[in-house]
Amino acid sequence: MINCKTPIDENAQKALTKNFYIISLIALIIGAIGIVAYIVIGIFVESSYLDIMLVFSLPFGFGLVYVISINKIIKKAVANNIINEYEFDNEFFNVSSYKNGEVIGTSKVYYKDLYKVKERDGYIFLYINISNAYIVKEDVLNENDLTLLKALLKINKNANFNNNK
């Protein structure tokens, strides 16, 4: 059995939301460039076709909303000060969440029920569905436990995960 604790802090949330944040930021930038181009070109050219450039307001709006939302999620994670304690077994793992030293929730998750497993930026993400994941910081495990955990997740991934996910 492998045991570890991972604080769900700013760094963990940034690593979890990194790809989505980058996509949102790109949409925001593309939308902003399109809106500025619409305004500048609109000053010099009067055309009904110019209104098509208002399409750039969509990626700008979505990008802006998601960048703000992700930043709020990160700030909330810091304020909540939650620590997850994991116990990994052969078929499943248990998670106990602590806030201010008090247990606020526990879960038992079978590896076969995981949506996917990702490793990035010093963390292992155990997705229970498309958007929610348990976060395990690799630094909190010694080298042997980390190797065992990766092997355990890989074995179960190959045996149980749908590769199309």
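Is Asp-121 buried, exposed or partly exposed, and what is its relative accessibility? The model is a predicted one, in which local features need pLDDT of at least 70 and side-chain atom pairs count only at pLDDT 80 or more, while totals for chains, interfaces and linings use all residues. Residues are numbered from 1 along each chain as its sequence is written, and side-chain values use heavy atoms, with hydrogens and water left out.

Asp-121 has a relative accessibility of 43% and counts as partly exposed (buried is under 20% relative accessible area, exposed over 50%, partly exposed in between; 1.4 Å probe, protein chains only). Asp-121 lies in the loop between β5 and β6 (strands are DSSP runs of E, at least two residues, and helices runs of H or I, at least four, numbered from the N terminus). Its phi is near 55 degrees, a positive value in a residue other than glycine. Asn-100, in the loop between β3 and β4 (102-110), also has a positive phi, near 55 degrees, and is exposed at 66% relative accessible area.

Among the buried residues of α1 are Leu-16, Ser-24, Leu-28 and Gly-31.
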